[in-house]
Each structure stands twice: as structure tokens, then as C-alpha cells.
Amino acid sequence: MATLRLNGKDVSLPEDPRTTLLDFLHQHLSLFGTKKGCDHGQCGACTVIVGGERVNACLVFAFQLEDCEVTTIEGIANDDALHPLQQAFIERDAFQCGYCTSGQLCSGVSLLNELKSGDPSAVTYSNRASLKEDISERMSGNLCRCGAYPNIVDAITDVIALERQ
Amino acid sequence: MQPFDLHHYDHSTPLNSLPLTDTTRFLAGGTNLIDLMKLQVETPNTLISLAKWKEANAITQDEAHYHIGAMVSNSALAKFSHDEPSLSLLAQALLSGATVQLRNRATTAGNLLQRTRCYYFYDTTKACNKREPGSGCSALNSMNRIHAIFGTSEHCIATHPSDMAVAMIALDAKVNVKNANNDTRQIALREFYREPGDTPQIETVLANDELITHISIPKSRHGTQYYHKVRDRSSYAFALVSVAAGLTLKEGRVDTLSLAFGGVGTKPWYPQSAIRVLEGAELSQEVIAQAAEAELSHAKVYGSNNFKTTLLRNTLVRVLTSIAAHQEKHPEHEGALYDHA
């Protein structure tokens, strides 16, 4: 039976090929941490990590991810120990209503890995750009209608500094 | 979303074993097609998933070309191009498009074949000749701020939205395809897209049974390269106008020039009239403006998009002036114009 690996466990893929990964998480697995915002890849609320890379769960059919490793917000922490970025979000007050937060966190966790891998961004092409401008560019796929952006960038900056110690 | 039959393609699947009709769509990353299917703008009867086509995930090279597999993600291609000085223009264009999430899923071939972001194409309550041939064009006499000024017809003025394709036009990329008989052919990207004419629903020269296998980009020197994208916000927005340019100078004159425009054409625009003015010229703001005017003699504006002529002229002047100044100081430079201000 076709499966994908979700937060470390194999799960069977849905029968209906029209099922997006996002709807699969909600309707088949009752995992509601990943949020449906626009459902069109514009807001980033449904961001999850597939094979180490962040993607919009609303714009991929579950069947396309056969045998892939998928990590959702429910799989970010290490058991009871929060991921350092989750802790930084609390310390920096990086959310208000919280609806976009799971997507912001999955996106931010991937961003940390992308920086370690030396992945370029559009800001790479300006030698005057600061780290915060680079983070903002790399996080442009995650909207926050409460406007918590400065604190989100601060939280990510804190974790980058922690990791570079 | 309407139901569809699902088939899978991988390297060992004969294409002629698949139902390749005009209601069949290949599904690569899905970032555009799945969205259009949700909106019922696209209602394919059959999807052929390319997720298992692992062989198309590779970038290879020989002495003369880079070969980019159809399924290479936009992120992977951006990273590869970033590390190759002569492909800097491509890296800049890719990284200016979409978001990291989308670039991780979007593929090279899918990017070329993405559909327009014309508001009326997306809105199934509005007339659109591209979505429903013969229904009319809602953009012609309505809000058309994002629409094209080159290659338009009375049936369609929608722009092609890709940034990547603009850089690839400038770099003279070739599209390699194979068909159901396993015949292969190579099409210059500059000849790959069709202008809308009276059949705007047909966007490329591909036949129903043809599958893009890889893109080939010739290895050549492009000098100082700059992809400048003017848009409504600084990230995650489509181009109103973009200019992709690479330039080398010889004795103060244009030696090689790679040039294409985005956001202004019904297809990624190869500005042949502008290039004729610029070839071998001693660059000045006046000469660059003359080149812009030569190209703009082919333009037609539609009301809300009238500003694009001035914006294109000014953007071209800025881009070419910047990279020419850099080339004068650093004649051997090959790569991005990192700091143009």
C-alpha cells in the first residue's frame, strides 16, 4: 500500500487523488496544527516540511508525496522540548492571533537549514543587505495579518545567533 | 475539483501507452496546475503525474551546454546557477520569483508552461478567450494594469508571468522534447511561445503528445548580468516590468549583449528591435533610450497599462547604464551586478 512518512510514522495515502496534503492532514489524520488560510499558495499558513524543504501543503496532492518524509508543526519539537525557534517565538512575542504561527515556524525552521546549506536568496545579490532584510525576503511566503513581522524576524535572528555561538 | 483519471510516468513508461489528448495534463510540481484545478479554470480528464520521473531531476553539462532536467526544482536550479558565474542572470531571475515554498515544488518545465495570472483568466464568471475560446476578452476595456503591451491581439492581452523564462530567453535556451513515437526535437525558447492571435488558448508550439525532457543553455560569456524586476511589493509579486541583461564591452562598445523583457509581453519578450540598435553601439543614456523607443514602436497600450512604456524605457536605461559602468571598471567581470546603487 502506498504510504508517506509523517512525523516519523508511515501513513497510508488517501484513495481519492484529488486530496491535497493539507486536506489529508485535516480530514484523514485529524492533524489540525497546519492551517488553511487562502488554500491557493499565497499565505503560507499551510507550510510544512517535505524532505527537508518547506512547501505549501495546499498545492500538492498527497499522492505526489509517496515515500516522502513530511514534517508538520506537530513534529517540530523534540518530544516535550520545544524547538529553539518555538521558544524564541514565545520570548519575542512573535504572534498575536496565532493562526499563521505553525506555518511561520515550519518556514523558519527550514530557513535555518537553508542558511546553513548556503542557499542563495534574492537579497544575496545586494551586498548592502542586512541579515534581517535577508530573513524578511526568505519569509515572504508567510503572511501575518496581525503584523507580527518584526518580532518574527527577531525570533529567527535570535536562533541564528544561538546556532552561530 | 472535478474528478480525473490518474496515470504515472517514469523513465521506463512508453509515452504512447498514456492517453495523451487535449484534456490530458502532465502534473509536475503542481503549484500552478493544482491551483487552477481548484478554481475549475483547468478541468483535465486525465492527469499524468511526473513525480516518479527521477531521471529528470538532474543537471548535467558538457563542453558546450548546461542541461537542466524538466523536473529540477526552481530552488535547485537557482542554487546551481548561483554557483555558475555565466548563469547569474538565471539565478537572479529565479530568486526574484514566487517564494521559497513555491520554488521548492515548482519545476523547470512547469515554470515554462505556467499560465498567465490575468485576473479575468482566473475569474470563471468573466469572459476570457484563453480559458473559454470565443467568449471575449474582459481585459481589453477594463482594468488592465498588469497586462501586456507587446504581442497582444484583440483576443488576448495577458502577460506570460515567468521570470525564469525571461532570463532563459536572454541566455538563448533550447527546449528539448520527445513525443509518443519517442521522436525528439529541440526548440529555441525564443520560438517556443506563440503570440495569442485569434487562438490565445494555444500558448506554445508543443503538440499534445510532446513532453519536455530538459532545457539546454549554451555555455558562453555574458559579462555583467542584472535581472531587475519592478513590481508592486519588493518580494512575492509578479513583474510589472522586468529587464534581464548581460553585457560585455570591447573598446567602449557593446561586444556581447543578452537581453529580454518580462511583464510586458504575451510571451517572455525577446526585443529584437532594441538589440539591433544596441549591437556594437557606444552606450549612452540617449542610445539606450533610442533602443527602448525602437522596441516600443511595436507596443500597444490599453489604458491602465499605459505607464509600462515609460517604466520599460527607464528600467532599460537603468539596467544597461549600471552594467556598462561595471564592465568599464571590470572588463573581465562575469557574474551578477551585486551592488548597482
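At what angle do α2(B) and α3(B) pack, and how far apart are their axes? In this predicted model, the two helices pack at an angle of about 145°, and their axes are 8 Å apart.

- The crossing of α2(B) and α3(B) is left-handed, and on the α2(B) side the contact is made by Asn74(B), Leu77(B), Ala78(B), Ser81(B) and His82(B).
- From α3(B), the residues that take part in this contact are Ser88(B), Leu90(B), Ala91(B), Leu94(B) and Leu95(B).
- Sorted by class, the residues of the contact between α2(B) and α3(B) comprise 6 nonpolar and 4 polar ones, with no charged residue.

**The surroundings of α2(B)**

- Helix α2(B) is mostly covered, since 7 of its 9 residues are buried, namely Asn74(B), Ser75(B), Ala76(B), Leu77(B), Ala78(B), Ser81(B) and His82(B).
- Besides α3, the buried residues of α2(B) pack against β5 (65-69), α4, α5 (108-113) and α7 (164-170) of chain B.

**The nonpolar core**

- In soluble globular proteins, nonpolar side chains tend to be buried together.
- The largest nonpolar core holds 145 residues, and those that touch the most other members are Leu90(B), Ala167(B), Met168(B), Ala170(B), Ala244(B), Ala245(B) and Leu320(B).
- Once neighbours within four places in sequence are left aside, Ala167(B) is in contact with Leu89(B), Leu90(B), Ala93(B), Tyr227(B) and Ala244(B).

**The three-stranded sheet**

- In chain B, 3 strands form an open sheet with parallel pairing, in the order β1-β3-β2, and its edge strands, each of which pairs on one side only, are β1 (5-8) and β2 (24-27).
- From one strand to the next, the twist of this sheet averages 25°.
- Strands β2(B) and β3 (residues 46-49) of chain B run parallel and are joined by 4 bridges, and Phe26(B) stands opposite Ile48(B) in β3(B).

**The contact between chains A and B**

- The contact draws on 28 residues from chain B and 27 residues from chain A.
- On the side of chain B that touches chain A, the elements that give two or more residues are α1 (33-38), α2 (74-82), α3 (88-95) and α4 (100-105) of chain B, of which α4(B) gives the most, with 5 residues.
- By class, this side of chain B has 13 nonpolar, 10 polar and 5 charged residues.

Methods
Residues numbered from 1 in each chain as written. Chains lettered and ligands numbered in written order. Predicted model: local features only at pLDDT ≥ 70, side-chain atom pairs only at ≥ 80, totals over all residues. Contact = placed C-beta atoms within 7 Å. Nonpolar A, V, L, I, M, F, W, Y, C, P; charged D, E, K, R; others polar. Core = buried A, V, L, I, M, F, W, Y, C linked by C-beta atoms within 7 Å. Buried ≥ 20, exposed ≤ 12 C-beta atoms within 10 Å, placed from the backbone. Axes fitted to C-alpha atoms, helices over the stretch in contact; angles between N-to-C directions. Left-handed = near helix turned anticlockwise from the far one by under 90°. Pairing = 2+ DSSP bridges.
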